[in-house]
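Hello,

Here is the structure we talked about handing over. My notes on pockets and packing follow below it.

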Amino acid sequence: MRAGTKLGFILLLTPLLLWLSLLIIIPHIDMFLVSIRERVGVREYQTSAANYLTFFQEPLYLRTFLRTAVMSVLATVITLLIAFPVSYYIAKIAKGRVQAVLFVLCLIPFYVSELVRTFGWMILLRETGLVSNLLQWAGLADRPVEMLYNDAAIMIGLVYTSMLFMVVPLVTTLESLDDAVIEAGYDLGGNGLSVMREIVIPHAAPGIVSGSIVVFMLSLGNYLTPTMLGGKDSLWFTELIYSQFIVRFNWELGAAFGFLLLALSSLIVWGMLRLTGRTLKETMG
């Protein structure tokens with residue numbers, strides 16, 4: 001029985017190990033080895049940290065990453081502010097079929113690909129789009145309004161794309177909060193604001209932190225939305241990585257940028273966990 005149990009455990013673990021090894025660990029090791037190569041001639045390389053030094057020595061690269069990180073944090077905050085009341089209504093106020101319908105409505109946009117959703121926003125925000133026509137019809141604009149190709153359009157796309165990944169952990173966490181605890185808060189003289197601050201938000205903290213981490217990482221690593229909705233001045237760090245790999249064929253510098261994105265984003269997530277006083281184990285349940 002012990003041999004059979006061990007064999008079964010190995011068979012169950014094999015697909016996971018293959019997935020981790022072939023799609024994550026080995027490609028990352030190979031990319032790291034590429035990132036520490038410096039081209040010194042035709043098909044001639046030497047081991048060097050020059051590609052990483054280029055990132056810190058070139059102001060454009062560092063400024064683009066900082067801009068991408070700040071906008072990703074802002075997108076995370078906006079997503080949380082919108083998702084929290086929606087999640088609270090779904091988890092604690094809506095009941096039965098209404099609750100199920102509302103949750104499905106949050107899922108519907110993800111029935112289509114991110115490319116289609118982004119094109120939908122381009123149709124809405126373009127100069128001849130629905131939003132521009134409504135503004136003119138309401139008398140708020142006397143000419144077509146171009147709302148694409150700026151940071152605001154990128155922010156709209158990032159928040160819309162990430163919303164579900166904030167709603168799901170929040171709904172899951174809030175559903176575990178006993179209604180009797182909320183009622184007790186009111187019975188003890190609390191008002192809506194104090195109950196939310198002292199009971200609901202502390203209980204929802206794991207969902208808030210885990211949702212924020214996922215949304216931040218998705219926003220920071222997003223390529224399609226900033227490229228399609230942003231203008232020539234709205235450069236995103238993933239666009240630099242794409243440019244190095246595909247346009248300039250500088251795989252060494254592109255690989256270094258990819259590892260820097262991974263390392264710096266992990267550092268920011270660690271800082272968020274330290275700031276909230278939580279551990280990764282507590283956050284991920």
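**Pockets and cores**

By residue class, the lining of the second largest pocket comprises five nonpolar and four polar residues, with no charged ones. Please keep in mind that this is a predicted model. The residues lining this second largest pocket are H28, M31, M217, L220, G221, G258, L261, L262 and S265. Two or more of them come from each of α1 (2-35), α9 and α12. Helix α12 gives the largest share of the lining, four residues. The volume of the second largest pocket is about 160 Å³.

The largest pocket holds about 220 Å³ of space. Its lining consists of V73, T76, V77, L80, I208, V209, S212, F216, M272, L275 and T276. Three helices, α3 (59-93), α9 (192-220) and α12 (251-276), each provide at least two residues of that lining. Sorted by class, the lining of the largest pocket has eight nonpolar residues, three polar residues and no charged residues.

Next, the packing. In soluble globular proteins, nonpolar side chains tend to be buried together. The largest nonpolar core in this model has 27 residues, and L170 and V200 touch the most other members. Elements that contribute two or more residues to this core are α3, α7 (151-175) and α9. The largest share, 10 residues, is from α7.

Which residues does V200 touch, leaving aside those up to four places away in sequence? They are F84, Y88, L174, L177, I182 and V195.

Another core, of 23 residues, lies apart from the largest one, and its members include F65, A69, I213 and F216.

Two local details concern helix α8 (residues 179-187). At the start of α8, a side-chain oxygen of D178 comes to within 3.0 Å of the backbone nitrogen of A180. After α8 comes G189, which has a positive phi, near 100°.

Regards

Key: Residues numbered from 1 in each chain as written. Predicted model: local features only at pLDDT ≥ 70, side-chain atom pairs only at ≥ 80, totals over all residues. Heavy atoms only, no water. 1 Å grid on protein atoms, 1.4 Å probe; cavity = no way out; pocket = protein on both sides within 12 Å on 5 of 7 lines; lining within 4 Å. Points joined across faces, edges and corners; volume = space filled by probe spheres on them. Nonpolar A, V, L, I, M, F, W, Y, C, P; charged D, E, K, R; others polar. Core = buried A, V, L, I, M, F, W, Y, C linked by side-chain atoms within 4.5 Å. Buried < 20%, exposed > 50% of the residue type's maximum accessible area, 1.4 Å probe, protein only. Contact = heavy atoms within 4.5 Å. Polar contact = N/O pair within 3.5 Å; in protein donor to acceptor, adjacent residues only side chain to side chain.
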